[in-house]
Amino acid sequence: MNNEVLITKYIDYLKYEKKLSLNTISSYSDDLNIFILSINNKDLLKIDTKEIQIFLEKEYEKSSRTKAHYITVLNNFYDFLIKENITKTNPLANIKLPKIEKKLPDYLTIEEVNKLLNFPLNKAYDFRNKAMLELLYATGIRVSELINLRISDIDFTNDYIRIIGKGSKERIVPFNDISKKYLILYLSDYRPILLKRKTNEFLFINNLSNQISRQGFFKILKEICFKQGINKNVSPHTLRHSFATHLLNNGADLRIIQELLGHSDLSTTQIYTEVLNEKLKKDYESSHPRAKKED
């Protein structure tokens, strides 16, 4: 079998048997294709451990997290080939995952969020952007979940949105009065302008009346941050982290935050308790008169 056939079989397995999300499947496919390019399209069934190690050291020596990611992707791929009796050995069997230093998620302060969200509203796409950012911060949903929202996913009577998250798991997430106000305003007055008499089931659309893309949203966010004078490296996930951190700081139960974020494992959500503990430690050290070390 050639490389293209092998990857197609694996992607079909992820899609139909593992039932992974389209974003995850696309990520796996991209990673495997990057690997194939790096080995000059050599037969994947003839790759040995040394060649895998050269790839990892040459391309990703500076990032243990990226290196670990590629080890996981390639390891799962070769385990699949063994399971299907396509090959007998996994060239990554003796390659260990690197130790990854746990990095606390970046988040914005409440003041920074307010600064970000209070940008001038002049044109139709400003009101669309306002509705998107307010909803993202109000719900903590992923950017992929935001751009895939359909109008039918919004319940204005009970003030919640229906989300299809990772692994095609459905969850219900409430939104607040401010995000509701701008959603209604966008839908009633400004979405029709962007739609230009066309039809589109997706909630957020671009200036061509098509579903807005991840790249499009990221560009919008960067532009607003620049104009609002926010110098942090803000990504769509930063607002998700801010949402969770602010809820926890204000006394929300960790399991409620887990449910809202769509985490299948509570340990994933517990990272936000470390953010809170780190903040408490810094506040203590900067405020307590005897917390500073003596010279």
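Me: Two rings of Phe, Tyr or Trp form a pair if their centres lie within 6.5 Å. Which residues do ring pairs link into a cluster?

Reply: This is a predicted model. In it, ring pairs join Tyr10, Tyr13, Tyr28, Phe77, Tyr78 and Phe80 into a cluster.

Me: How many aromatic pairs does this rule give?

Reply: The count is 11 aromatic pairs.

Me: Why is the pair of phenylalanine 55 and tyrosine 70 called edge-to-face?

Reply: Check the distance, then the angle. The ring centres are 5.6 Å apart, and the cut-off for a pair is 6.5 Å. The planes stand at 70 degrees. Edge-to-face needs over 60. So the pair is edge-to-face.

Me: How do you know whether phenylalanine 55 counts as buried or exposed? And tyrosine 70?

Reply: Buried means under 20% relative accessible area. Phenylalanine 55 has 4% relative accessibility, so phenylalanine 55 counts as buried. Tyrosine 70 has 5%, so tyrosine 70 counts as buried too.

Me: Now phenylalanine 127 and tyrosine 190. Why is their pair called stacked?

Reply: Their ring centres are 4.0 Å apart, and their planes are at 5 degrees. Planes under 30 degrees apart count as stacked. So this pair is stacked.

Me: What makes the parts linked by this pair distant?

Reply: Phenylalanine 127 is in helix 6 (residues 124–139), tyrosine 190 in helix 8 (residues 177–195), and the two are 63 residues apart. Both residues are buried.

Me: How do you know that the charged end of lysine 130 sits over the ring of tyrosine 182?

Reply: The charged end lies 4.8 Å from the centre of the ring. The distance limit is 6 Å, and the charge must also be within 35 degrees of the ring normal. The charged end of lysine 130 is listed as sitting over the ring of tyrosine 182.

Me: Where is leucine 45?

Reply: Leucine 45 is in the loop between helix 2 (22–38) and helix 3.

Me: Why is leucine 45 called partly exposed?

Reply: Leucine 45 has 29% relative accessibility. Buried is under 20%, and exposed is over 50%. The value falls in between, so leucine 45 counts as partly exposed.

Me: Which residues is leucine 45 in contact with, leaving aside its neighbours within four places in sequence?

Reply: Leucine 45 touches Met1, Leu6, Leu81, Ile86 and Thr87. Methionine 1 is 44 residues away along the chain, yet the two C-alpha atoms are separated by 8.7 Å.

Methods: Residues numbered from 1 in each chain as written. Predicted model: local features only at pLDDT ≥ 70, side-chain atom pairs only at ≥ 80, totals over all residues. Heavy atoms only, no water. Phe/Tyr/Trp six-rings, centres within 6.5 Å; stacked < 30°, edge-to-face > 60°. Buried < 20%, exposed > 50% of the residue type's maximum accessible area, 1.4 Å probe, protein only. Helix = DSSP H or I, 4+ residues; strand = E, 2+ residues; numbered from the N terminus. Contact = heavy atoms within 4.5 Å.
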